[in-house]
Amino acid sequence: MIRNLLFDLGGVIIDIRRADCVEAFARLGLPDPESHFGEYAQTGIFMAIEDGSVDVDGFHAALHKILPPDVTDEQIDEAFQKFIVGIPARRLEALRRLRAQGYRLYLLSNTNPIMWDGVIKREFAKEGMRREDYFDGMVTSFEAKAAKPDEKIFRYTAETLGIKPEETLFFDDSMANVEAASHLGFATAHVRPGTEFTDYLPAQ
C-alpha cells in the first residue's frame, strides 16, 4: 500500500529550461557552456556543488578562474538560477490536496544551495507558505553529499525520512533515477515530458 509520495523537483514539480542557463553563462563568458549542463545532471564544478563536494565559496572561486575578471558572485548566481522557470500554481494546489487526502509527501532533489535558498525558496512561497508546509520531509543532494542516481542517496533518504521503499511512490523525470529507485524496492513513476505527476497517482 502506498502511503508516501516522494517527489523529484526539477521537471516534476518545478519547470526548468536548460537553454536559459546555458545562454546566461554564455553571456557571462563561460567557455563552452553547453558542456556543463545535462538534461538530468550537471558536470564538473556544477555537479560538485550539487553533490556537496564543494560549497558556494568554492563554486564561485572555481568559476572566477575561467570567467572574465569583472564577473561578480551575484552574476554567477543569477545565471545559474536561470535554469528554473517556476512552479505552476496547479502543482502547489495538487501537493496541498494530496496531503489533505492523507498521503505523506517528501522531496528528493538534486539541487544546490544557491538555487535552494534562492529561486526555489521563492517559488514555494508564492502562496504565502513555506516548503515545509508542502512536505513532511526533504532531502537535497548537497546536504546528503550524494546525487541521484547513486543508490547512496536513496538509502540515505529512506533512513533519514523514516520511510519504507515498498510504501513509497517515487516520481522523477529521469529514467536513470527511476531505475535506481526501483532497484531498491521503491514504487516508481517516470514523469514524461508533457505530463503531470498527478497523471501517475495510484487509483483511488
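Q: Leaving aside its neighbours within four places in sequence, which residues is Lys-148 in contact with?
A: Keep in mind that this is a predicted model. Contact here means heavy atoms within 4.5 Å. By that reading, Lys-148 touches Asp-8, Leu-108, Ser-109, Asn-110, Ile-153, Phe-154, Phe-170, Asp-172 and Asn-177. Lys-148 itself sits in the loop between helix 8 (141-144) and helix 9 (151-161).

Q: How do I read the crossing of helix 1 and helix 4?
A: Look at the angle between the N-to-C directions; over 145 degrees counts as roughly antiparallel. The axes of helix 1 (residues 18-28) and helix 4 (residues 73-80) cross at roughly 155 degrees and come within 8 Å, so the two helices are roughly antiparallel. Helix 1 brings Cys-21, Ala-24, Phe-25 and Leu-28 to the contact, while helix 4 brings Gln-75, Ile-76, Ala-79 and Phe-80. Sorted by class, that's 7 nonpolar residues, 1 polar and no charged ones.

Q: And which residues of helix 3 are buried?
A: In helix 3 (residues 56-64), they include Phe-59, His-60 and Leu-63. Check where they point: viewed down the axis, the buried residues of helix 3 fall within an arc of 95 degrees, so they line one face. They pack against helix 1, helix 2 (44-50), helix 4 and helix 6 (113-116).

Q: What caps the N-terminal end of helix 3?
A: That's Asp-55, with a side-chain oxygen 3.3 Å from the backbone nitrogen of Asp-57.

Terms used: Residues numbered from 1 in each chain as written. Predicted model: local features only at pLDDT ≥ 70, side-chain atom pairs only at ≥ 80, totals over all residues. Heavy atoms only, no water. Helix = DSSP H or I, 4+ residues; strand = E, 2+ residues; numbered from the N terminus. Axes fitted to C-alpha atoms, helices over the stretch in contact; angles between N-to-C directions. Parallel < 35°, antiparallel > 145°, perpendicular 65-115°, else oblique. Nonpolar A, V, L, I, M, F, W, Y, C, P; charged D, E, K, R; others polar. Buried < 20%, exposed > 50% of the residue type's maximum accessible area, 1.4 Å probe, protein only. Arc of directions from axis to C-beta. Polar contact = N/O pair within 3.5 Å; in protein donor to acceptor, adjacent residues only side chain to side chain.
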